[in-house]
Amino acid sequence: MLSYALRRLVTTIPTLFVIITVAFFMMRLAPGGPFDSDRALPPEIEQNILAAYDLDKPLVEQYLLYLGRILVADFGPSLKIRDFSVGELIAAGAPASMELGFSAILLALLFGVTLGTLAALRQNSATDFSVMSVSMIGIAVPNFVMAPLLSLVIGVYLDLLPTSGWGGGDLRYKILPIVALALPQIAYVARLTRGSMVEVLHSNFVRTARAKGLRERLVVVRHALKGAIMPVVSYLGPATAAVMTGSVVIETIFGVPGIGTYFVNAALNRDYPLVLGVVIVYAVLIMLLNLLVDLLYAVLDPKVRYS
Amino acid sequence: MIHTTAGSDGLARVEEFEGRSLWQNARARLFRNKAAVASLVILAVIAVLAVFAPLLSPHAYDEIYWDRMQQPPDFANAHWFGTDNVGRDLFVRILYGARVSLAVGLLATTVSLVIGVTYGAVAGFLGGVVDNIMMRIVDVLYSLPFMFFVIMLMVVFGRNIFLIFVALGAVEWLTMARIVRGQTISVKRKEFIEAAHAGGVSNTKIIFRHVIPNVLGPVIVYMTLTIPQVILTESFLSFLGLGVQEPLTSWGVLISEGAKVMEFAPWMLFFPAVFLATTLFAFNFIGDGLRDALDPKDR
């Protein structure tokens, strides 16, 4: 398994290379540049600015220079946010984004699996029906609708929690964005869990466990859950990607100082190095988490063997 | 379907019944599913409203009433859903938004369908090294943060509605390719494919005439689930300000405008959100219904 993990790690390198290349050239093919403004700069000054950032060199040379700097984890300077390097900006924004994302995934697993199991245990009951309808709402109402609604009802009408900002990391500011980000995932995980739990509860080994006279709690938690959780584990990869993209919107709506906010602004401002940096960070995260999920799968499911 | 009955002479006789095809069965099962039928009706209503939008209201979608900005629903002036920030009728704008959202949903899904089905069928049918390489490419593409590329694409090439179709279609074909490949591999071992080979039919013809029609079931199910996905993604882009351009609108744009003023004009958020959510609901229910109808497992 270790050799499998290592091999997978090695294959992420060409993938990352493709991502960097595509992102780099796509940004540069765009009309408009980072220093376009309504007031035209004198040509000499513009030339100097471009030279300062190596933007006057041929595109291929810039690309090679960029690759060389990436190797030593230098993302270059931000073109728009003066005096900050992309590395510093990402380091400043990442903690908030990570906290949002991981809390959302954790919530999704906790509530999704619990609700799904409850629904499956009381199949076709009122509990089942209400969990499934609520989760359908969670899937059909996108988070950019849910988020403003949450902040309107809880933040404005009921005045319980602040509607935006990060408050320097105060917990009260984090609740709404995390909940808004987690809701669709909770819904999805609940549906997945219910589906596979219903199937597993009808299987022979569960019947055996019950026949042995195990308490229902043990049957469900020890035996059934282990089988039923597999689809949820394999959904973790796509879930991470969904949470990361979702966090771009959630950060914008709630004014969270994370890297998602940077990404949108940087793309609109043609801040090439910042866009590339954020894309690379997200890509690496997604790939690492996918690897982790695959390994977790092998640990949980004895039928899966990686050689 | 072959059925054995005892004849009047006491001997077993084989009678032939008129067989019901998979599709007839599926249709019957789908129409027994109340949620799916209700969803079909709702979608049809929204589609008809969108098509006949200009006939349904006295207002044009881009007509600005300077004296009626951010008016709540007002029946005297036929602003059934109120007006927006610059005094345009919200009802008509939502229906024009429906046109954009539904068109994006259908066209982008078609793009993904064409790419995904062809790619998957070719990979599954040819097998071997070609299959290996083609699916490896899909694996690599899967691990890309696609949304970010779509956002970059929109920024780079401007807010072009045709680009939205193509970009979203190009993003959504991966799962389709995987499903079709899996189906193709199981279909290609069947006798009728062998017969076609023996009859000297070319590979291309076998793929398009014999393989693809036989993998359509799961493809249709997945397609119904892709449409809401695409509509959602388009709204997401519009919400970020990367969608269609003014004065044209889409549900995502309307929701984004509504979200900004929800404290003073909640109807501007409420009505487009209801339309979007209802549509997504309906497509999801139809997809679930189709899956149940076409799944041979619980026949």
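Mentor: Happy to. Of the 299 residues of chain B, 44% count as buried. Keep in mind that this is a predicted model.

Trainee: Which elements make up chain B, and in what order do they run?

Mentor: Chain B has 12 helices and two strands. Starting from the N terminus, the order is β-β-α-α-α-α-α-α-α-α-α-α-α-α. Among the contacts in chain B with a separation of 6 or more, 66% are between residues 24 or more positions apart.

Trainee: How many residues of helix α8 of chain B are buried?

Mentor: The count is zero among the eight residues of α8 (191-198) of chain B, a helix that is hardly covered. Look just after α8(B) as well: G200(B) has a positive phi of about 80° there.

Trainee: Now for the inside. Which residues touch the most other members of the largest nonpolar core?

Mentor: The general idea comes first: in soluble globular proteins, nonpolar side chains tend to be buried together. Here the largest nonpolar core has 164 residues, and F263(A), V275(A), V278(A) and I255(B) touch the most other members. Helix α4 (residues 90-126) of chain B gives the most to this core, with 19 residues. Leaving out residues up to four places away in sequence, F263(A) touches V248(A), V275(A), V278(A) and F148(B).

Trainee: How many residues does each chain bring to the contact between chain A and chain B?

Mentor: Chain A brings 33 residues and chain B brings 27. On the side of chain A that touches chain B, the elements giving two or more residues include α1 (2-29), α10 (230-254) and α12 (272-300) of chain A. That side of chain A divides into 30 nonpolar residues, three polar and no charged.

Trainee: How should I read a pair of packed helices?

Mentor: Two packed helices are described by the angle between their axes and the distance between the axes. Take α4 (residues 86-121) of chain A and α11(A): they pack at an angle of about 125°, with their axes 7 Å apart.

Methods
Residues are numbered from 1 along each chain as its sequence is written. Chains are lettered from A and ligands numbered from 1 in the order in which they are written. This is a predicted model: local features need pLDDT of at least 70, side-chain atom pairs count only at pLDDT 80 or more; totals for chains, interfaces and linings use all residues. Two residues are in contact if their C-beta atoms, placed from the backbone, lie within 7 Å. Helices (H or I, at least four residues) and strands (E, at least two) are DSSP runs, numbered from the N terminus. Ala, Val, Leu, Ile, Met, Phe, Trp, Tyr, Cys and Pro count as nonpolar, Asp, Glu, Lys and Arg as charged, and the others, Gly among them, as polar. A nonpolar core is a set of buried Ala, Val, Leu, Ile, Met, Phe, Trp, Tyr and Cys residues joined through C-beta atoms within 7 Å. A residue is buried if 20 or more other C-beta atoms lie within 10 Å of its own, exposed if 12 or fewer, and partly exposed in between; C-beta atoms are placed from the backbone. Axes are lines fitted to C-alpha atoms, for helices over the stretch in contact, and angles run from 0 to 180 degrees between N-to-C directions.
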